[in-house]
Amino acid sequence: MEEFVLLFRLDILTKEKQPSPELLQEYMKQYQDWIGGIAAQNKFVGGKGLSTEGRVCKFNNVVTDGPFAETKESIAGYTIIRAIDFDDAVKMASGCPILKGEGNSVEVRKVQNPK
Amino acid sequence: MTEGELIPHLFRTEYRKIVSVLSKRFGFNQIEIAEDITSDTFLTATQTWGVNGLPENPVAWLYSVAKNKAKNHLKRNNIFENKIVQEIKNNASAPQDPEIDLSPENINDSQLQMMFAICHPSISTEAQIGLSLRILCGFGIEEIADAFLTNKETINKRLFRAKEKLREEKIDIELPPTNQIENRLETILATIYLLFNEGYYSVSQNKTLRKELCLEAMRLCKMLVENNTTNKPSVNALLSLMCFHASRFEARFNKGGETVLYDEQDTSLWNPELISSGGYYLNCSANGDQISKYHLEAGIAYWSTQKPDTAEKWESVLQLYNRLLQIEYSPIAALNRTYALSKANSKEEAIQEAEKLNLTDNQFYFGLLGELWQNIDNKKSKENFQKALDLSKTETSRQAIQAKMAKI
């Protein structure tokens, strides 16, 4: 088994795109059911949600308010899972409920262990 | 209570108190002397009470005899330490009259400190449970052997080695510094929970002993709740969890001593006082910003005390299992989570999730699949129950599976 990081990208800034409290509760259930399913396979390692506000440090001591990227989507959180290989990791990642929203994405990256 | 019943009863309630106070006074390295003096006290009691009848206040009698024996021991030690050793050093000082403090406060403090000394991460959890049973619960070696389904010799060796190790580590009988309390408490809670489970799920047929183990685990946890330093949210959560589980103790066995499954239990045998205590400690556990696995398990155990199948119940149980598994995986939690998923979402979804669990050496895995397929594909249901039957090891569980198969 190897560890993979799943990075959740979605629009967490545009006001009109944010869910109502009821919808948010429904999303939380979907998210927890998805993560619970991974944990039930003993493949969950850890993960956290991230704040919507942030700072970005750049070359020449420039610090800007963030988070931002070239697109509207920013990293909303991350999860670390255990998987046999990329295919296995992608299979788990593709069940992530944020993928029901257009424009959202889950990036799958393998954790490199020093050899 | 007759004299014949009184002494074993007092042994159970007072042995641990006297041993804790004496060990605290002598130091952990002399714990065996403390145990000897305490046992000797009970021996004296048996002999004297048999001849002279019961004293007016048996507990006070025990304390005063134990005190005298301990003082004599300390005086002998003192004479050697102060007279002989000092004489050699040519610097004699008068030996002081040693005091043994058997006040309720000191008894309580000593027992609590003893708990920290025994549940020390340097010894195995098995040894921690054994020592706890002996020193904190006053269990006889034979009873401990019975609980672990082994013999006296093995237990004696295990306890001896554990004490040796604690002596080598120079463990003191004291509370750890405040900044280490939470950390050390984790080990204690784990030991208490194992002790409880030993009683609750043990294969030992001795029902009385099993119940005693559960009650002792609860008593130790209650001691932690009653002390300000150790009254932490996770401690309350564990106590709540044990109260909820213990509430079904009488309903879990039939008259022949066989296990009665949850669905078939007579709910009028569930203990309402324990359920309400569980609720009380669950409320107390909400005092803080940390959610331990005990909080989540207590939440699940709460819902087990609510028999009606409501949507709210299963949605709550599912979410509690989702979070519990993120803190700590166990096959049984994974299976229970999948069952809750079938109740909260759908059987079809649960089957899909069950097939990912990879628990093909576990009879409960096939039992769960058997149940999920029922009324969707009865052939598959039967096949899975059959696999569960092949894997099951006890007569009780075979009968339970066969009963389910017969209903398809």
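**Rings, helices and contacts in a predicted model**

Biologist: Where does Arg12(B) lie relative to Phe139(B)?

Modeller: In this predicted model, Arg12(B) sits over the face of the Phe139(B) ring, at 4.2 Å from the ring centre.

Biologist: And what does Arg248(B) lie over?

Modeller: Arg248(B) lies over the face of Trp270(B), and its distance from the ring centre is 5.9 Å.

Biologist: Let us turn to rings that pair with one another. How many aromatic pairs does the structure hold?

Modeller: Over all chains there are 18 aromatic pairs. Take Phe8(A) and Trp34(A): their ring centres are 5.9 Å apart and their planes stand at 70°, so this pair is edge-to-face. An angle over 60 degrees is what places a pair in that class. The pair also links distant parts of the chain, since Phe8(A) belongs to strand β1 (residues 2–10) of chain A and Trp34(A) to helix α1 (residues 21–40) of chain A, 26 residues apart.

Biologist: Is Phe8(A) buried or exposed?

Modeller: Phe8(A) has 5% relative accessibility and therefore counts as buried. Trp34(A) is buried as well, with a relative accessible area of 9%. The cut-off for being buried is under 20%.

Biologist: Which residues do ring pairs link into a cluster in chain B?

Modeller: The cluster consists of Phe196(B), Tyr200(B), Tyr201(B), Phe249(B) and Phe253(B).

Biologist: Back to chain A for a moment. How many helices and strands does chain A have?

Modeller: Chain A has two helices and six strands. Read from the N terminus, their order is β-α-β-β-β-β-α-β. Its C-alpha atoms fill a box of roughly 45 × 40 × 20 Å along the principal axes.

Biologist: What share of the residues in chain A is buried?

Modeller: Of the 115 residues in chain A, 34% are buried. As for contacts in chain A between residues at least 6 apart in sequence, 73% join residues at least 24 apart.

Biologist: Now the helices of chain B. At what angle do the axes of α5 and α7 of chain B cross?

Modeller: Helix α5 (residues 125–136) and helix α7 (residues 152–168) of chain B have axes that come within 9 Å and cross at roughly 100°.

Biologist: Which residues make the contact?

Modeller: From α5(B) they are Glu126(B), Ala127(B), Gly130(B), Leu131(B) and Arg134(B), and from α7(B) they are Arg158(B), Leu159(B), Ala162(B), Lys163(B) and Leu166(B). By class, the contact of α5(B) with α7(B) has five nonpolar, one polar and four charged residues.

Biologist: How do α14 and α16 of chain B cross?

Modeller: The axes of helix α14 (residues 331–344) and helix α16 (residues 363–373) of chain B come within 10 Å and cross at roughly 5°. The two helices, α14(B) and α16(B), are therefore roughly parallel to each other. In their contact, α14(B) supplies Leu335(B), Thr338(B), Tyr339(B) and Ser342(B), while α16(B) supplies Phe364(B), Tyr365(B), Leu368(B), Glu371(B) and Leu372(B). These residues of α14(B) and α16(B) divide into six nonpolar, two polar and one charged.

Biologist: How many residues of α16(B) are buried?

Modeller: Nine of the eleven residues of α16(B) are buried, and the helix is mostly covered. Among the buried residues are Tyr365(B), Leu368(B) and Trp373(B). The cover over the buried residues of α16(B) includes α14, α15 (347–354), α17 (378–391) and α18 of chain B.

Biologist: Let us look at single residues. Where is Val59(B) found?

Modeller: Val59(B) is found in helix α3 (residues 58–89) of chain B. With 25% relative accessibility, Val59(B) counts as partly exposed. Leaving out residues up to four places away in sequence, Val59(B) touches Leu10(B) and Glu14(B). Val59(B) and Glu14(B) are 45 residues apart in sequence, and their C-alpha atoms are 7.6 Å apart.

Biologist: And where is Ile408(B)?

Modeller: Ile408(B) is in the segment after α18 (395–406) of chain B. Its relative accessibility of 28% means that Ile408(B) counts as partly exposed.

Biologist: What is Ile408(B) in contact with, leaving aside its neighbours within four places in sequence?

Modeller: Ile408(B) is in contact with Gln374(B), Asn378(B), Ser381(B), Lys382(B) and Phe385(B). As for Pro58(B), it is 350 residues from Ile408(B) along the chain, and 62 Å separate their C-alpha atoms.

Conventions. Residues numbered from 1 in each chain as written. Chains lettered and ligands numbered in written order. Predicted model: local features only at pLDDT ≥ 70, side-chain atom pairs only at ≥ 80, totals over all residues. Heavy atoms only, no water. Phe/Tyr/Trp six-rings, centres within 6.5 Å; stacked < 30°, edge-to-face > 60°. Helix = DSSP H or I, 4+ residues; strand = E, 2+ residues; numbered from the N terminus. Buried < 20%, exposed > 50% of the residue type's maximum accessible area, 1.4 Å probe, protein only. Lys NZ or Arg CZ within 6 Å of the ring centre and 35° of its normal. Axes fitted to C-alpha atoms, helices over the stretch in contact; angles between N-to-C directions. Contact = heavy atoms within 4.5 Å. Nonpolar A, V, L, I, M, F, W, Y, C, P; charged D, E, K, R; others polar. Parallel < 35°, antiparallel > 145°, perpendicular 65-115°, else oblique.
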